[in-house]
Amino acid sequence: MTYEEFKSQYPVRLNRQQEEAVRQTDGPVLLLAVPGSGKTTVLVTRLGYMLHCKGIPPERILTVTYTVAATRDMKARFISFFGEGHADKLTFRTINGLCAVVIGTYARQRGTEPFALLDDERQINSVIRDLLSRTGTAFPSDLQVKDARTHITYCKNMMLTEEEIHAHKVEGIDFPRVYFEYQDYLLRSRKMDYDDQMVFTCRIFRQYPDILAQFQRRWPYICVDEAQDTSKIQHTILRLLTGDRGNIFMVGDEDQSIYGFRAAWPQALLEFE
């Protein structure tokens with residue numbers, strides 16, 4: 001199907017710059033635009049173009065969104081544009097959903113049992129509160145528990161070294177002790193939190209090139225929505241997954257990052273080239 005046929009058959013209404021983004025399917029592409037300017041529409045249209053004009057199999061395309069709700073919305077938007085024919089064969093995942101697949105694959109191929117995901121908020125808060133009490137914070141408040149968790153997330157997402165974590169200060173908290181005792185608790189319990197999913201995936205990709213190559217072959221085309229809200233470790237995982245082929249399409253607005261407290265790293269967009 002030619003691009004003109006594509007535009008006449010499907011509800012494609014784009015300006016010149018948007019069309020350029022849609023039609024550039026090989027190599028790295030960064031689309032920066034303000035809110036409400038149609039970034040998601042461009043991404044969805046680009047998926048349709050890749051399928052119908054370039055003949056790329058839907059199973060070869062991975063679309064990464066920031067939230068589970070966004071994966072559902074993206075799929076629904078695709079269906080509204082192009083029907084249900086290819087929708088179930090396309091992969092829409094959050095970065096944690098992607099990491100869960102990688103860790104599960106590693107465990108099966110290496111004959112190990114992956115750590116269980118610790119996703120009970122009350123349990124995590126209880127563990128952190130107990131650690132705060134045992135490391136010198138008398139009667140830790142809910143705010144201190146929240147601060148400790150936020151900084152734990154920050155350290156993992158920013159890929160800080162042990163030395164950097166030991167130097168990391170949080171007012172009213174012996175943060176390095178809390179961090180390392182929390183990690184000891186997870187290790188003893190054979191559990192991982194959501195941030196550990198990314199840490200483990202990054203480690204797997206770096207230490208097991210055969211597994212990395214397997215996923216690179218599986219998804220040679222990668223699209224990333226709301227890229228300004230991804231963290232340093234998330235960008236690292238995506239760069240490793242993209243490999244030398246470099247077929248990655250990132251959509252975002254570096255002025256609209258709202259997850260700095262979760263170590264969002266919009267600098268990666270500014271350093272994209």
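Met50 is buried, with a relative accessible area of 0%, where buried means under 20% relative accessible area, exposed over 50% and partly exposed in between, computed with a 1.4 Å probe on protein chains only. The model is predicted, so that local features need pLDDT of at least 70 and side-chain atom pairs count only at pLDDT 80 or more, whereas totals for chains, interfaces and linings use all residues. Residues are numbered from 1 along each chain as its sequence is written, and side-chain values use heavy atoms, with hydrogens and water left out.

- Met50 is placed in helix α3, residues 39-52; helices (H or I, at least four residues) and strands (E, at least two) are DSSP runs, numbered from the N terminus.
- When residues up to four places away in sequence are not counted, Met50 touches Thr25, Gly55, Ile56, Ile61 and Tyr221, contact being defined as heavy atoms within 4.5 Å.
- Between Met50 and Lys156, which are 106 residues apart along the chain, the C-alpha atoms are separated by 35 Å.
- Lys89 is found in the loop between α4 and β3, and with a relative accessible area of 45% Lys89 is partly exposed.
- Apart from neighbours within four places in sequence, Lys89 is in contact with Pro58 and Glu59, while Lys89 and Lys169, 80 residues apart in sequence, are 46 Å apart in space from C-alpha to C-alpha.

**The open sheet**

- Five strands make an open sheet in the order β1-β7-β6-β2-β3, with parallel pairing; two strands are taken to pair if DSSP finds at least two bridges between them.
- The edge strands of this sheet are β1 (29-32) and β3, each of which pairs on one side only.
- From one strand to the next the twist averages 15°, with axes taken as lines fitted to C-alpha atoms, for helices over the stretch in contact, and with angles running from 0 to 180 degrees between N-to-C directions.
- Helix α4 packs on the sheet, where α4 touches β2 and β3, and the direction of α4 makes about 160° with that of β3.
- Strand β2 (residues 61-65) pairs with strand β3 (residues 91-94) in the parallel sense over four bridges, and within this pairing Val64 stands opposite Arg93 in β3.
- Together with helix α4 (residues 68-82), β2 and β3 make a right-handed β-α-β unit; a crossover is right-handed if, with the strands pointing away from the viewer, the path from the first strand over the helix to the second runs clockwise.

**Salt bridges**

- A salt bridge is counted when a side-chain nitrogen of Lys or Arg lies within 4 Å of a carboxyl oxygen of Asp or Glu, and by this rule the count comes to twelve salt bridges.
- Lys7 forms a salt bridge with Glu4, with the closest N and O atoms 3.7 Å apart; both residues lie in helix α1 (residues 3-9), three residues apart, or about one turn of the helix.
- Within that pair, Lys7 counts as partly exposed because its relative accessibility is 24%, whereas Glu4 counts as exposed because its relative accessibility is 52%.
- Arg177 forms a salt bridge with Glu181, the closest N and O atoms being 3.4 Å apart, and both lie four residues apart in helix α9 (residues 175-189), about one turn of the helix.
- Arg177 is partly exposed at a relative accessible area of 39%, and Glu181 is likewise partly exposed, at 22%.
- Through salt bridges that share partners, Asp130, Arg134, Arg177 and Glu181 are joined into one network.

- Asp193 forms a salt bridge with Lys156, the closest N and O atoms being 2.9 Å apart.
- Because Asp193 lies in the loop between β5 (191-192) and α10 while Lys156 lies in helix α7 (residues 142-157), this pair ties together parts that are 37 residues apart in sequence.
- Both Asp193 and Lys156 are buried.
- Leaving aside neighbours within four places in sequence, Asp195 is in contact with Thr153, Lys156 and Asn157.
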